[in-house]
Every structure is written in structure tokens, then in C-alpha cells.
Amino acid sequence: MKYREAFRESLESPETFWSRAAEEITWCKKWDRVLDVSNLPFARWFVGGELNTCYNALDRHVEGGRGDQPALIYDSPVTDTIQTFTYSELRHRVSRIAGFLTGLGVTKGDRVVIYMPMIPEAAMAMLACARIGAIHSVVFGGFAPRELAIRIDDARPSVVLSASCGIEVKKRIPYKPLLDEGISIAKHSPEKCVIWQRPQVEAELVAPRDLDWVELEQEAEPVDCVTVKATDPLYILYTSGTTGVPKGVVRDNGGHAVALNWTMKHVYGIDPGDVYWAASDVGWVVGHSYIVYGPLFKGATTVMYEGKPVGTPDPGAFWRVISQHRVKALFTAPTAFRAIKRDDPRGEYLKGYDLSAFDTLFLAGERTDPDTYHWATDLLQKPVIDHWWQTETGWAITGNFRGLEFFPPKPGSASLPMPGYDVTVLDLATGEPVGPNTEGIIAVELPLPPGNLTTLWENDEGFKESYMDPYPGYYLTGDGGFIDEDGYVWVMGRTDDVINVAGHRLSTGGMEEVLAKHPDVAECAVLGVHDDLKGQVPVGFVVFKSGVVRDEGEMVAELVQMVREQVGPIASFKKAVVVEGLPKTRSGKILRGTMRSIADGESYRVPSTIDDPAILGEIEAAVETIGYGKK
Ligand code: COA
Ligand code: AMP
């Protein structure tokens with residue numbers, strides 16, 4: 001089947017399209033209905049079906065003769081380790097981890113928070129939860145204890161799985177103190193914390209709450225997969241919204257398995273036995289879908305990389321991994337390629353590596369700018385595919401295809417809608433669909449395809465309010481852009497206060513909440529400003545309370561430290577300026593768009609609604625002091 005036919009069928013007869021895809025998944029009980037839209041905006045896929053996600057990722061491959069094939073290659077330049085787990089070995093470990101979780105009283109529907117670095121045990125922990133029907137919620141290691149606490153309070157886990165440390169290039173980051181602090185801030189107390197001790201940092205375990213992972217695993221009996229409903233939740237993954245309160249995206253078991261398995265071949269061109277590498281982190285959606293679940297559903301080999309594109313040890317790191325493990329497809333963020341380009345503009349480090357097994361580079365997390373697209377294409381001489389997706393969707397909304405049909409890329413565009421996604425651009429004011437090449441907000445007509453979020457954790461109202469109510473009948477993506485005359489989608493950026501820093505999604509609202517707590521701050525704004533490496537970085541603008549006279553440099557240092565401690569280092573909040581006032585409309589709304597244009601050095605029009613135009617000159621001067629604005 002070619003793209004047009006697949007796309008048409010997926011929209012006109014989604015039941016036919018997705019039930020065919022579902023044949024590739026092993027079910028304990030077949031579904032009664034492929035799609036239930038009786039309660040939109042809540043769509044349910046494979047209603048009545050029963051399965052186990054871990055069985056589909058591991059056991060069925062062992063039973064089908066792939067037991068000795070590598071399932072996961074752990075490649076860690078920061079610890080100088082390469083370790084391969086076959087499907088049999090991975091199942092062996094996972095079934096024992098599931099065994100000790102069961103021994104700790106974790107059962108179907110219970111939540112388990114996983115706060116871990118990029119080590120194989122993190123993936124095993126996720127699969128072990130899936131094995132027993134527990135709902136995992138992975139929290140990215142670069143978040144501060146306060147962010148961890150917010151997630152613990154929302155998910156209310158009975159058990160937290162963690163490790164003694166993470167390793168960031170040469171820095172060792174002890175996780176246990178962060179975990180302890182997170183739990184002390186949280187109102188909810190998990191009963192047990194199970195810690196994987198890494199040799200680089202020994203964590204202090206405090207009885208009776210803390211337990212040693214290795215001891216538990218050694219004593220545990222393996223447990224089998226439990227049957228869950230297709231519509232039961234597999235995981236909760238928190239993502240940034242416009243406020244400091246993250247959204248708990250819920251994903252089900254059945255639709256998730258069907259959709260991800262389908263993408264492996266059709267989007268990524270991956271067959272069983274191929275090697276696939278998503279250079280992301282298990283704390284992000286890309287890590288969930290394409291380090292852990294997707295490649296394993298397919299019977300492929302997944303690479304788990306604990307390192308960076310540069311500095312571990314050099315800008316040839318990605319080429320080394322590709323050639324050493326014979327990677328067929330690499331998925332990473334454009335920022336990683338900008339980092340390699342910055343350190344090795346002529347691609348000297350590529351020389352000597354055999355990339356003959358390599359087929360395609362996939363990029364996502366932020367728009368692939370044409371410069372990065374051309375640099376990567378010229379260097380690799382392979383197709384480079386920009387594909388657009390979100391934590392909420394769990395897989396790409398638009399992109400290009402290595403298994404279905406490859407279309408000529410248009411640099412700067414995230415190509416064509418995936419089957420299942422009826423992508424439409426709506427006029428911001430009227431909510432009416434606009435014609436080709438007209439910018440607006442990008443929405444997807446309901447129902448969303450399988451694998452997408454089913455709701456927000458224990459917050460159906462929030463789900464409706466955030467995504468479904470603004471334009472009834474559509475899912476609001478939060479991104480703006482246009483569709484051109486050939487149907488290519490151009491995603492130009494968020495229309496809300498979410499920013500993307502090095503492919504990491506962050507809320508400026510959340511950072512503003514932190515700055516506003518400083519006793520000397522009267523008001524503030526945080527904006528995502530263009531950065532050549534990270535795409536965007538947050539910059540703070542603060543106004544002193546009246547009467548406050550103090551050294552601005554010191555003040556800024558305090559603010560930077562506050563965001564680091566309360567949001568996390570991953571926010572990359574390093575710059576702020578003190579200003580006399582913020583530009584506002586006469587009704588008091590901060591003119592963020594205008595401020596962003598000033599910071600990015602773009603020409604801008606003075607808004608007619610502005611209260612005090614003179615303030616703009618001061619903002620221009622302020623951003624220049626920190627290296628932004630007019631060049
Ligand atoms: N635990 C603790 N701290 C972490 C962390 C983790 N898991 N991950 C990152 N951090 C810290 C970093 O050490 C850094 O701290 P610093 O301010 O003390 O230097 C900070 O958070 C920012 O990290 P990062 O965004 O990784 O920036 P960087 O300057 O270290 O590296 C890149 C820049 C471009 C090389 C890096 O961002 C990168 O490899 N990006 C790839 C993007 C990606 O994987 N995106 C996922 C979506 S596909
Ligand atoms: P996350 O939920 O962390 O995956 O971030 C999702 C957001 O990242 C999207 O809403 C977009 O703003 C941005 N994004 C991801 N991929 C792309 C892409 N290929 N092109 C443009 N923006 C992207």
C-alpha cells in the first residue's frame with residue numbers, strides 16, 4: 001500500500017486500517033470494537049481487547065525464536081561500558097524486577113515512579129511495570145526535587161525506583177539526595193524506594209523505606225505477564241504546559257502497542273533484527289516510544305546511549321556508535337547535530353567510520369532548521385527526515401516514510417501527515433480552517449489515532465480544557481504553522497508559553513512562578529529567545545519592587561540559582577536582566593511577542609495597544625547587555 005491510499009483509508013475507515021495493523025500484536029483476547037467514539041473527545045481503541053505490553057516487547061520474541069538476538073545494547077562512553085542483553089536475558093531480568101515489585105505489594109493499576117539515569121535498569125523498570133499492569137511514571141533526571149515532588153503528589157506512587165547517580169559527561173550527579181528532598185517536599189510518601197547502586201556514587205539507604213535493588217532482584221522469583229485491558233493505562237508521562245503544573249499524559253496499552261509497532265516499519269523502515277537508535281533519554285516521550293517500546297515490539301535491537309553528541313569523548317561519538325553497532329536508523333534532536341557541527345564543522349570525525357549499515361537520520365523535538373538539514377544531508381549523504389510530534393501524541397503527527405513511501409523533503413517542513421492524523425490549520429480568531437500557505441494554529445480533527453493520549457491523569461476536565469474545548473471537534477496541538485499547496489506541513493513554533501530548549505519542552509510560566517517568589521521581584525516575564533545551539537533558551541526580565549536598590553549582577557545570580565534548584569539544570573536558565581517595567585497593553589497584558597522580537601533582533605511594529613511605548617527602548621538596551629537583540 002502506498003501513502004495516499006493508506007492515508008485515505010486511515011481517515012475514511014480507521015477501523016479497517018488499524019485492525020490490520022493490530023494483527024501484528026499478540027492479544028490475549030481480541031477486541032470487540034476497534035474504535036469507540038461514543039464519548040468524544042474521549043476516543044477508545046481496541047475496546048474489549050486484552051494483552052500485555054511486556055509480553056509483546058519481550059516474551060513473544062523469545063517464544064518466536066529471537067531469544068539469542070540482542071534486544072538492548074547499552075553504550076555508555078561516560079562509564080566506558082558496552083553491554084548487550086539478548087531478548088532472553090532482558091526477559092530474565094525484567095521478570096525478576098517484576099517479581100520484587102510484586103513482592104513489595106505493587107499490583108495492577110498501582111503507580112511506580114522511575115527516577116533514573118540512562119542505564120538498562122531504567123528500561124527494565126518500565127517493562128517490569130508493564131509486565132504486572134502497574135502504571136509507570138518516569139521523571140527525567142535533570143529535573144529538580146520540586147518537580148519530582150509535584151509528579152509524586154499527582155501520581156501517588158507506592159514505590160519509587162531510582163539509582164545512586166547520573167553521569168553528565170564528567171560530572172557525577174548523586175540522585176539519592178535529590179530523591180530524598182523530592183519526597184520530603186511532596187505530601188504523598190511512597191512506601192518504598194528501591195535504589196540501583198552504581199559504583200561511581202554509593203547512596204546511603206535508610207531503612208525501612210530504602211531497599212537495595214540488587215538484593216531484591218537476587219531474591220525475587222520471576223513473575224509472568226498479567227493480562228490487562230487494551231484501554232488500561234500503561235504509563236503517565238508529565239509534560240510542560242503553560243503553567244508550573246505539568247500535565248500527566250496518560251497512554252493506554254493496546255492502541256500504544258499497535259501504533260508504535262506500525263511506525264517501526266512504515267516510518268522508520270525497521271524490520272525485526274535491525275538496529276535502531278533513539279539518542280534521547282527515557283525521561284522523555286521519545287525515550288518511552290523509541291528507546292524502549294517501539295523497537296522491542298518490532299523485535300529489533302535498541303541502543304541505549306548514556307552520553308552526549310559531543311564531549312563523550314568527541315564530535316565523532318555518534319558516528320562511532322552507528323558504525324560499531326551497525327545502526328540502521330538514528331533518531332535525535334536537531335540540537336545534537338548543531339552541537340556536532342559547532343565542534344566539527346567539516347565533519348572530519350566521520351572519516352574512518354563505516355556507516356554502510358546506516359539508512360536514515362530522523363530528527364524531532366524542535367523544527368529542523370534548513371541549515372542543519374543541509375549540513376546533515378551533505379555530510380551523511382543519506383535521507384534526513386524531520387518529523388513532528390509531542391508527548392501527547394506519542395508518535396509522529398507528520399513526517400516522511402522509509403517503509404511506506406519516501407517523498408522529496410522540503411527543508412524546514414516536517415513533511416506530510418501520518419496516517420490517522422487529519423491535520424488542519426485553523427484561523428486563531430474564527431476557528432475556521434484556512435487555505436494553503438496561510439498561517440494559523442495547527443489542530444487535528446478527532447478522533448486521534450491509537451497511541452495518543454487518552455486523558456490527563458485523574459483530570460478529564462483538564463484534558464478537555466487544554467486540548468479539546470478550544471476548538472470543538474479538534475485536538476489543539478499548541479503549535480502554529482501552515483500547510484502548503486503540496487500538503488506539506490510547516491510547524492513554525494508554539495502558540496503558547498511552552499518553549500523548546502535543546503529539544504526539551506519547558507514552561508516559561510513555570511519559571512516565572514519561581515522568579516516571582518524572589519522577595520525583591522515585583523513582576524517578571526520569561527521568554528524563549530533564539531539560541532544557535534539549543535534552538536531556544538529562557539531569558540528572564542524582572543522588575544524590582546519599589547524601594548529595592550541592589551547589585552543587579554548578584555540579583556541575577558540568585559534568580560539563576562533559584563530556577564536551577566526549583567526547576568532543574570535542564571531548564572538552562574542562565575540569563576536575566578533587571579528592567580524598569582515590562583511592556584504591556586493598556587489592559588495589562590505583557591507584550592511577549594514584541595519582547596521576543598526585540599531579543600531575537602527582529603524588526604517589529606510597536607503595537608497600537610501598548611500602554612507606554614518608551615519602555616521598548618529600555619528593553620532593547622537591556623537585551624543588548626546580555627548579548628541579544630540587534631547584532
Ligand atoms: N540529570 C542531571 N542533569 C542533567 C541531565 C540529567 N539527566 N541531563 C542534562 N542535565 C544538565 C546538564 O548537565 C546541564 O547542566 P549544566 O547547566 O550544569 O551544564 C544542563 O542540565 C543542560 O543540559 P543539556 O540541555 O543537555 O545541555 P548541554 O549544554 O549539557 O548539552 C547538547 C547540549 C546540545 C549537547 C545536549 O542538549 C544534547 O545532546 N541534546 C540532545 C537533545 C535530546 O536528546 N533531546 C531529547 C528529545 S529527542
Ligand atoms: P515534547 O512534548 O517534549 O515532545 O515537545 C513537543 C513540542 O516540540 C511540539 O509541540 C513542538 O513545539 C516541538 N516539536 C517537536 N518536533 C518538532 C518538529 N519536527 N518540528 C517543529 N516542532 C517540533
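## Close-up views of the predicted model

**View 1. Backbone contacts of ligand 1.** An oxygen atom of ligand 1 sits 3.4 Å from a backbone N or O atom of Ala279. Welcome to the first close-up of this structure, which is a predicted model. Two further backbone contacts can be found here. At Gly142, a polar backbone atom is 3.4 Å from a nitrogen atom of ligand 1. At Ile570, a backbone N or O atom is 3.5 Å from an oxygen atom of the ligand. How much of ligand 1 does the protein bury? Taken alone, the ligand exposes 940 Å², and the protein buries 84% of that.

**View 2. Ligand 2 and its surroundings.** Here 15 residues lie around ligand 2, and those that come nearest are Asp386, Thr391, Asp479, Arg494 and Arg505. The shell divides into four nonpolar, five polar and six charged residues. A backbone N or O atom of His387 is 2.8 Å from a nitrogen atom of ligand 2. The side chain of Gln390 places an N or O atom 3.0 Å from an oxygen atom of the ligand. Arg367 takes part through its backbone, with a polar atom 3.4 Å from a nitrogen atom of ligand 2. Ligand 2 taken alone exposes 490 Å², of which the protein buries 94%.

**View 3. An open sheet of four strands.** Follow the strands in the order S23-S24-S26-S27 and you trace an open sheet with antiparallel pairing. In general, strands of a sheet pair through backbone hydrogen bonds, in a parallel or antiparallel way.

**View 4. The pairing of S26 with S27.** Strand S26 (residues 474-483) runs antiparallel to S27, and five bridges pair the two. One place to look is Gly480, whose bridge partner in S27 is Gly493.

**View 5. Two cis peptide bonds.** Let us now turn to the loops. Thr312 and Pro313 are joined by a cis peptide bond, with omega about 0 degrees. To find Pro313, look in the loop between strand S17 (301-305) and helix H11 (317-325). The bond from Leu446 to Pro447 is also cis, with omega near 0 degrees. Where does Pro447 lie? This proline belongs to the loop between strand S24 (440-445) and strand S25 (455-456).

**View 6. A positive phi at Asp80.** Asp80 is a residue other than glycine with a positive phi, near 55 degrees. You will find Asp80 in the loop that lies between strand S4 (70-76) and strand S5 (81-86).

Conventions:
Residues numbered from 1 in each chain as written. Chains lettered and ligands numbered in written order. Predicted model: local features only at pLDDT ≥ 70, side-chain atom pairs only at ≥ 80, totals over all residues. Heavy atoms only, no water. Polar contact = N/O pair within 3.5 Å; in protein donor to acceptor, adjacent residues only side chain to side chain. Areas by Shrake-Rupley, 256 points an atom, 1.4 Å probe, with all protein chains shown as cover. Pairing = 2+ DSSP bridges. Near = heavy atom within 4 Å. Nonpolar A, V, L, I, M, F, W, Y, C, P; charged D, E, K, R; others polar.
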